[in-house]
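Reader: I would like to learn how to read a structure, one feature at a time. Where do we begin?

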Amino acid sequence: MEVEGKGGEAGTTTTATRRFALPVDAENKSTTFRLFSVAKPHMRAFHLSWFQFFCCFVSTFAAPPLLPIIRENLNLTATDIGNAGIASVSGSVFARIVMGTACDLFGPRLASAALTLSTAPAVYFTAGIKSPIGFIMVRFFAGFSLATFVSTQFWMSSMFSGPVVGSANGIAAGWGNLGGGATQLIMPIVFSLIRRMGATKFTAWRIAFFIPGLFQTLSAFAVLLFGQDLPDGDYWAMHKSGEREKDDVGKVISNGISNYRGWITALAYGYCFGVELTIDNIIAEYFFDRFHLNLQTAGIIAASFGLANFFARPGGGIFSDLMARRFGMRGRLWAWWIVQTLGGVLCAFLGQIHSLTWSIVVMLIFSVFVQAACGLTFGVVPFISRRSLGVISGMTGAGGNVGAVLTQLIFFKGSTYSRETGITLMGIMSIACSLPICFIYFPQWGGMFCGPSSKKVTEEDYYLAEWSSKEKAKNLHLASQKFAETSVSERGRASTHPQT
Amino acid sequence: MMAKDHTLYQDLTCTQFFHQKSIFLLPKFPNSTMTIHTLLFVSLLIFSFIESSRGGNKDRLFTELQNLLEVTAKPVQDVIVLEAGKDMVTIKWKLKSSGKVDADATFKTIQVKLCYAPISQVDRPWRKTHNELFKDKTCPHEIVSKPYDKTPQSLDWTVDLDIPTGTYFVRAYGIDGDGQEVAYGQSSDEGRTKNLFSVQAISGGHVSLDIASILFSVFSVVSLLVFFVKEKKKAKLEQRE
């Protein structure tokens, strides 16, 4: 599969094309996306980062499909299960914010591998837990690994150019999120294999947890051994040789958090990705308990939700890029708002359905919409800030988890609401929290309901406004300059070719 | 190409530009009204389907069953808490003498099950008692299922290894030839508060598992440190070049 971006037409220097297997732009970011290539450094970075993220997702959501067994072994109550679900996604709120800054400072390769390797112990220790507190703690610490999402997005945004960044981000994140679905299939299968080898129920589930743990460890090794931070090299090497100036951490952070768009994307992402995380936590038990299915069947149905990520989230990213080609940033925003709102509507339906067949059908359609909305979010995020890309990605990613925490706290803790009612209410909240997307406005491109500013703000004006004149004198802003040039494509076709 | 873009952008006046934008933006969703109508219609269909499928079958209720069986369940050894996989319970069941003659005419099988006492159902909706028999989750563990031969029965049952920690009683269902429950009896009273016994589950953990966890964790963290040291050395080398 190949996705062509406009940057390729702009032409690259012959020296640049000789160095890289793929055509690149002024920042040496690839302007095309070749799925079946592992060419250094762009496509290799893609495959390493999505696989590592996939493994982290598998580990974080390894417990839910086995809950019918675990809850009996550890004598858990519904409240304990709810708390563990909240814990599993709350650790990563903080971790995602920190990861954004860590990527800005140390590079995505080291930051992500360090996180993955240090959370692997939590997965291994799941085998030895004996009480509800132990369960909540391992889920909490294992959940930190979901912050590798931020490093994935950061890495893709560093490797791929504007016209294809939505697709690259969408596919990498989508295939990572796939882990949340794959684990619902993998864990029951691993569990039954171990049982067949003679272990009792209450021992078999414990042994099963070594599989996700091992995969997590091995994926981190692969990233460290075969990955590279930037098209031109690693952060470490470039820092020392002076090629990459170290930016002021405080400035990067304050520039990021003062950008209101980052807060809106954080909230909206909380109600597409947050919904996805919540469903990953509750859906297997929902089908098991409500429709009296066995563990494997409930697992397969639950898995189909997460497995839609294979094409749904990338589809969102690609759709975002397609809309941008024709309608620019405004197209991206409209597409995002519509898809996310529809996802909320379908979620509200899901809770009202009493039949098994229709539940599965609606759930599948709902999964496509909610995951596409996640992809569409990250079609917009790379353009909010260039200087504080990591911080904005981190905020948005963290917002996703905050949404999951809030939703589970309000609707899925203990026995206040039945699961069905909780799902419907979650859908309604999703619709409400998607409305702020209407307020995102870029002076150089416009927003959903307003055109670009009459003051004729250019992309250069917008991105270079992040740097002070002192910093510009030191030439710290050059990367933003290059980015501004390539982002002109976000104006859409009508403005660049008004005759057509 | 870049220069050309800038010129075009500058040539257009503010109102011209906005006009241009709005012209192409509106037709972007020419079928928006149609899409909304289709969506509403489809949702109407879905809802009517849901409502019609609810009408359905008459479910058998627990309250329809007659209490015709007398069941007792006593731990073999006089312990406070029974250990799963080790301790035993003596279970006896027979037809109540106070019942009508021939009340057991329809019985083909007796199914004896282990049931949760209300205290073990608190905050655990997957163990909830429902009046509809197919929905009821009170008695998920089957102890034994025997053909009915009109004589009193007795069984010394070892608590299964996968029985969770909790408080239990025993219930026996009289089942007819169609597999439907027709009568029941239980070792506890109607409120399920008397004659209960407690079970402590196995932990499922093993020392070997704990050791493996520690080994793998240490391996992960140590290899991370090794990588960091290697990276620093590489960076120092490149600086010297």
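Author: This is a predicted model, in which local features need pLDDT of at least 70 and side-chain atom pairs count only at pLDDT 80 or more, while totals for chains, interfaces and linings use all residues. Residues are numbered from 1 along each chain as its sequence is written, chains are lettered from A and ligands numbered from 1 in the order in which they are written, and side-chain values use heavy atoms, with hydrogens and water left out.

Reader: How many residues does helix α15 of chain A have, and what distance does it reach from its first C-alpha to its last?

Author: Helices are DSSP runs of H or I with at least four residues, strands are runs of E with at least two, and both are numbered from the N terminus. The expected span of a helix is 1.5 Å times one less than its number of residues. Helix α15 of chain A, residues 273-290, has 18 residues and reaches 24 Å, close to the expected 26 Å.

Reader: Where does α15(A) bend?

Author: A bend at a residue is the angle between axes fitted to the seven residues ending there and the seven starting there. In α15(A) the bend is about 45°, at A:I282. After the helix comes A:H292, with a positive phi near 55°.

Reader: How many residues of α15(A) are buried?

Author: Buried means under 20% relative accessible area, exposed means over 50%, and partly exposed lies in between, using a 1.4 Å probe and protein chains only. For α15(A), 17 of 18 residues are buried, so the helix is mostly covered.

Reader: Which cysteines are joined by a disulfide?

Author: A disulfide is a covalent bond between the sulfur atoms of two cysteines. Here it is a pair of cysteine sulfur atoms within 2.5 Å. The whole structure has one, over all chains. It joins B:C115 to B:C139, with 2.1 Å from S to S. The two cysteines are 24 residues apart and link distant parts of the chain: B:C115 is in strand β5 (residues 109-116) of chain B, and B:C139 is in the loop between β5 and β6 (141-147). The torsion about their S-S bond is about 100°, so the disulfide is right-handed. Both B:C115 and B:C139 are buried.

Reader: Are B:E83 and B:K86, which meet in a salt bridge, buried or exposed?

Author: B:E83 is partly exposed, at 38% relative accessible area, and B:K86 is exposed, at 56%. Their N to O distance is 3.2 Å.

Reader: Which feature does UniProt place at residues 207-229 of chain B?

Author: UniProt positions are given in the numbering used here, feature names are shortened, and annotations may be inferred rather than shown by experiment. The unreviewed entry gives "transmembrane region" for this stretch. In the model, residues 207-229 of chain B are 100% helix and 0% strand, with the end C-alpha atoms 33 Å apart.

Definitions and conventions: A salt bridge is a side-chain nitrogen of Lys or Arg within 4 Å of a carboxyl oxygen of Asp or Glu.
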